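Me: Please show me the structure, and then take my questions one at a time.

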Amino acid sequence: MIWLTLRQFRLQAAMVFGGLALLGAALAVSGPGLSDRYDRGLAACGSRDACSNFSTMFFNDHQVQYGALIALVMALPALIGLFWGAPLIARELEGGTHRLAWNQSITRTRWLAAKLGVVGLAAMVAAGLAVRAANWWSGPLDEAVGDRFPRMAPVAFSSHGIVPIGYAAFAFALGVTMGVITRRTLTAMAITLVVFVGVQIAMLVWVRAHLLPTETATVPITLENMSQMTLDHGAKVMTVHTNAEPGAWTLKNHTVDASGDAAGLPASLMSGPCAPPPLEPGPPDPGAAPPDGPPEACFAAIARLGYKQQVTFHPAGHFWPLQWAETGLFAVLTLGLTGVCFHWTRRRVS
């Protein structure tokens, strides 16, 4: 039964693993050069500001490739569910070929177990190879982008570590389950896509942040940790966002006054110490460096008035615990769907 499953699956496997082999070869050729350029740039920049500018430029020069790799890693589990999972059983039920196997002394349980085991293992291997190759190649870019796009950020988190393997297993089991229940390949593919995307959104919006206890910190507002400063002219309030610590995933971010109550920064700061520098007369110089942000006097005034930032976040150290927790959750969902497949095949499919 395993040999028959491999024969039926060889075309889909050849397409995916052939594509991954080409991707791996391209990354293996360009990866060492990318890492060398980053190391040489860091060695030559000299100062902290210069290194920061170099890292930003280095990432900007390669952000298209970086984004394409992230998109590939995130799309692969969905493609596996659509083109490996959904047709696996639905195609046999549509063609009636399952009856031939069952009449050859092959039990329903053994028939389904062989298909789920062989193709499901291949799905997890494919996802593991893709994420490993992408993360190896993008290592210098992950370091260059630093706190602006840390691994804990929602998109980066979903394309690093081991969670893509859990996504692939779940998407595959979901596709097979929909195929068993609907007995129609196209219907199963459509439902699989909608449900998988819905589960991914629900995981990001409502679930992931609560898999581990969050941390809360009240931090001073400084030039180093500020990530955003805006002015609402209608409400006459300044808004500031800060980073609690490097690499953290920030969930809540609001300003508190000296007594610890939530409050916005007074807009008068924008016309005083936080006022932007006056524009130079004449046309702007395209080669001039961008402004560095509010002056130090702005942050000194904020500190003098007693304003701080209260941040709720997952620190960078939660990356692997969250990875294991989310992967474990998808493993439970996968096992549940597998149980539905066996029950439906044994009791409902004729």
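Reply: Buried means under 20% relative accessible area and exposed over 50%, with partly exposed in between (1.4 Å probe, protein chains only). This is a predicted model, in which local features need pLDDT of at least 70 and side-chain atom pairs count only at pLDDT 80 or more, while totals for chains, interfaces and linings use all residues. Residues are numbered from 1 along each chain as its sequence is written, and side-chain values use heavy atoms, with hydrogens and water left out.

Me: Is Glu326 buried or exposed?

Reply: Glu326 lies in helix H11 (residues 319-347); helices (H or I, at least four residues) and strands (E, at least two) are DSSP runs, numbered from the N terminus. The relative accessible area of Glu326 is 0%, so Glu326 is buried.

Me: Which residue meets Glu326 in a salt bridge?

Reply: A salt bridge is a side-chain nitrogen of Lys or Arg within 4 Å of a carboxyl oxygen of Asp or Glu. The partner of Glu326 is in the loop between H8 and S1, so the pair ties together parts that are 118 residues apart in sequence. With 2.7 Å from N to O, the partner is Arg208.

Me: How many salt bridges does a search of the whole structure find?

Reply: Besides the pair of Glu326 and Arg208, Lys115 forms a salt bridge with Glu92, the closest N and O atoms being 2.7 Å apart. Lys115 is in helix H4 and Glu92 in helix H2, 23 residues apart. The search of the whole structure finds two.

Me: Why is strand S6 largely enclosed by the rest of the structure?

Reply: S6 pairs in the antiparallel sense with strand S1 (residues 215-219) over five bridges, where two strands pair if DSSP finds at least two bridges between them. S6 also pairs in the antiparallel sense with strand S4 (residues 249-256), over seven bridges. Strand S6 (residues 308-314) is largely enclosed because its buried residues number five of the seven.
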